[in-house]
Amino acid sequence: MSNECPILLIGGAGFLGLHLVQQFYDLTPRPRIHVFDVRPIPEKLSKQFTFDPREVIFHQGDLTSSEDVSNVLLKSKAQVVVHSASPMHGNAQNVYEHVNVKGTRNLLDVSKKFGVKAFVYTSSAGVIFNGQDIHNADETWPIPDIAMDGYNETKAIAENMVLKANSVEENFLTVALRPAGIFGPGDRQLVPGLRNVAKLGQSKFQLGDNNNLFDWTYAGNVADAHVLATQKLLNPETALKVAGEAFFITNDEPAYFWALARTVWKADGYIDENVIVLSKPVALLAGYLSEFFSKLLGKEPGLTPFRAKIVCATRYHNVTKAKELLDYEPRVNIEEGIEKTLAWMDEKI
Amino acid sequence: MVKALELLSNPVELKAALKLKYIRQPLFGPRDAVSPELTRCYQLLKATSRSFAAVIQELHPELRDAVMLFYLVLRALDTVEDDMSIEPQLKISVLRSFAEKLNSTDWSFDGNSPEEKDRIVLVEFPCILHEYHQLRPQYRRVIQDITDKMGNGMAHYILDEQFNLQGVQTVKDYDLYCHYVAGLVGEGLTHLIVEAGFGEPDIDTNPQLYESMGLFLQKTNIIRDYAEDLADGRSFWPREVWSKYAEKLPDLGDVQHRQKGVNCINELVLNALSHVIDIFTYLSSINEQTTFQFCAIPQVMAIATLALVFNNEKVLTENVKIRKGTTCELILKSRTLHGCISIFRHYVRDIKSRVPVHDPNYLKVNIQVARIEQHIEEMYQDKLPEGVKPRETIYYKKAQKRFKQDGKVLPLEQDEEYKFNMALTVLFTIVSAIYFYVK
């Protein structure tokens with residue numbers, strides 16, 4: 001990759017997007033980096049990001065607008081599009097449909113029209129999850145007919161569109177990456193959520209027997225995977241092996257759910273000597289009751305059946321395919337990733 | 001009496017002990033037409049290691065004599081190395097030339113102190129040599145090669161002043177020391193097993209596998225023997241690890257440093273767990289049943305011991321051991337690969353459930369145990385959704401092949417269970433009859 005090969009990062013001002021900017025920025029030679037998002041790159045960035053924002057060309061626009069996307073592709077002359085824009089969990093169904101499905105459809109159509117060569121989509125490991133346990137899943141696991149929720153459903157639809165759009169004849173190559181449990185600087189859900197649980201005094205509870213394995217993935221490693229996928233798609237010697245494929249991306253360090261939570265809490269000084277264990281059925285019941293009474297009182301429930309199910313489920317993946325075909329290796333391990341995330345949170349940006 | 005009470009308080013283990021002692025039958029019985037020298041060799045084996053003698057006696061006849069002789073030769077070597085009354089230069093000379101002595105038919109050594117209990121192995125070495133020369137040339141070559149490497153390794157450590165003054169330094173040194181003491185034994189046994197046709201060739205060509213078999217056992221013993229070794233003026237815990245927790249190794253045993261000592265134990269256990277996946281691969285590659293048991297029994301004992309020493313401050317002050325009943329249960333259960341995996345999974349989960357959050361290696365222990373569980377999943381691949389085929393990895397194929405052989409062991413286990421239940425029923429009936437008669 002080089003300056004002659006401009007990169008367009010859709011959603012580049014977001015959580016994962018900033019890590020993508022950083023990883024592409026660190027390449028030698030550095031490609032021309034363009035960011036397309038609904039809002040600009042934040043003025044105040046974590047000290048952990050070392051890229052110079054002035055060297056990143058920002059374009060504001062709406063992903064679902066054909067005109068906006070056409071304009072940015074015209075201006076940037078991007079050969080590579082990396083699409084990581086996505087609403088967070090907890091949104092309404094129509095938001096997911098709008099951004100994940102309609103937005104992706106628009107992006108694919110316009111990209112192809114403007115001669116983009118490589119298209120990398122940030123899918124989700126959740127596309128194969130519908131509440132049942134996932135033991136060491138690889139890419140041969142099917143996408144369930146009935147999705148767990150609207151988010152995963154629309155991510156699966158979008159992923160399918162992306163992979164079907166792959167076309168050697170039209171010189172338009174696509175890849176979908178499925179990261180699991182992304183965390184790191186900029187994360188507003190995973191680690192901050194856990195920290196909040198401890199502050200509320202709920203770290204003394206354990207839902208389930210803590211024999212369920214879970215995959216977390218440091219955001220910098222996810223970004224790395226995107227860089228690798230891009231490089232493989234642009235290299236004629238490797239392109240055909242990875243084009244049209246999906247890849248799970250994790251830290252390749254599954255761990256027991258509560259070990260991850262307690263590691264975060266420990267760093268904040270919360271260590272519970274006596275843990276109250278609620279078995280999975282009890283946890284689900286507590287979730288229903290909590291949700292019921294919260295609705296009654298018009299408050300947001302802390303514990304829901306959804307969260308109880310998530311926390312008790314085994315969800316870990318086999319990333320052999322990414323290691324073999326993308327040469328993926330997680331460079332930042334879980335413990336380091338947690339330290340970086342906590343350091344970022346302490347910056348209070 | 002204490003032992004009996006211990007067993008009674010663990011009915012499952014009591015049952016295992018009774019089965020092992022009275023019901024289980026070895027696959028191969030004792031052999032006839034034995035020469036006086038061979039008889040004497042087995043007597044020497046029993047004199048030097050009763051427990052190991054019992055294990056070797058159960059091996060397939062093809063391997064039994066070779067392994068017995070391998071053991072005796074190494075015991076002889078060890079007897080020279082261990083004897084502090086032998087002048088260092090003489091000792092080094094004997095160790096370095098020991099492999100050559102195997103070519104002779106009448107060499108012996110009378111230089112051990114009269115108090116050295118195993119000296120008889122060296123005094124009667126010609127008897128061992130006689131039987132050694134009856135072995136197939138391929139087996140002789142293995143024994144001689146390992147003896148050469150081990151003798152030179154031992155000589156090296158005798159001359160290593162830093163090692164003798166300060167003990168093991170780095171984790172790398174720790175692995176190297178364990179290689180000489182135990183890894184080489186694993187290598188030799190592996191060559192013998194493959195030569196006999198009882199193991200797949202890749203355990204022979206991939207040193208990491210047999211090294212892990214040896215290192216796992218040795219590291220477990222080193223961790224457990226902290227107090228005992230310290231009392232003998234020796235230390236094998238790597239400085240690179242213990243210096244994080246104390247300025248001097250003996251300090252770990254002090255009451256005020258107890259927590260640091262336990263953290264140190266936990267880090268060493270974590271290090272040892274890195275060998276578990278290789279052990280699964282190795283055991284999956286053994287296709288003869290008595291050889292499988294010969295390899296599996298020490299490994300399951302070791303993981304049980306690791307779980308016992310983990311987070312256990314008693315290690316710092318005394319000699320901890322797994323219960324006799326646990327031993328019996330492990331021996332019976334480890335006759336299948338399914339059984340071995342189940343044992344390992346049980347104990348690594350136990351370790352994971354007891355690692356304190358405040359331990360410096362809390363997350364690392366969890367991740368290492370998770371890695372082992374992920375590997376077990378890879379071997380089984382029995383939780384796939386409909387329509388998904390297993391990945392035909394080498395680990396999966398080896399395990400499935402070995403699982404088929406497990407199928408032949410199940411009838412034996414069921415037969416033993418049946419006999420035990422029948423004996424229990426008869427006993428109960430007799431006791432009831434006597435009771436009613438007296439009534």
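**Figure 1. Residues at the contact of helices H9 and H10 in chain A of the predicted model.** From H9(A), A:Lys280, A:Ala283, A:Leu284, A:Gly287, A:Tyr288 and A:Glu291 meet A:Pro305, A:Ala308, A:Lys309 and A:Cys312 of H10(A), contact meaning heavy atoms within 4.5 Å. By class, this contact of H9(A) with H10(A) has six nonpolar, one polar and three charged residues (Ala, Val, Leu, Ile, Met, Phe, Trp, Tyr, Cys and Pro count as nonpolar; Asp, Glu, Lys and Arg as charged; the others, Gly among them, as polar). The model is predicted: local features need pLDDT of at least 70, side-chain atom pairs count only at pLDDT 80 or more, and totals for chains, interfaces and linings use all residues. Residues are numbered from 1 along each chain as its sequence is written, chains are lettered from A and ligands numbered from 1 in the order in which they are written, and side-chain values use heavy atoms, with hydrogens and water left out.

**Figure 2. Packing geometry of H9(A) and H10(A).** Helix H9 (residues 280-297) and helix H10 (residues 305-312) of chain A pack at an angle of about 155°, their axes lying 7 Å apart; axes are lines fitted to C-alpha atoms over the stretch in contact, and angles run from 0 to 180 degrees between N-to-C directions. H9(A) is therefore roughly antiparallel to H10(A), a term for angles over 145 degrees. Helices (H or I, at least four residues) and strands (E, at least two) are DSSP runs, numbered from the N terminus.

**Figure 3. The interface of chain A and chain B.** In this interface, 28 residues of chain A are in contact with 23 residues of chain B. The two chains bury about 2,300 Å² between them, 54% of it on carbon and sulfur atoms; buried area is the accessible area (1.4 Å probe) that two parts lose on being put together, summed over both. A:Tyr256, A:Lys266 and A:Glu335 supply 23% of the area that chain A buries against chain B, more than any other three residues.

**Figure 4. A salt bridge between A:Asp138 and B:Arg391.** The closest N and O atoms of this pair are 2.8 Å apart, a salt bridge being a side-chain nitrogen of Lys or Arg within 4 Å of a carboxyl oxygen of Asp or Glu. A:Asp138 lies in the loop between strand S6 (134-137) and helix H4 (150-164) of chain A, and B:Arg391 in the loop between helix H21 (362-380) and helix H22 (394-438) of chain B, so the pair joins two chains. Two salt bridges are found across the interface of chain A and chain B.

Notes
Parallel < 35°, antiparallel > 145°, perpendicular 65-115°, else oblique.
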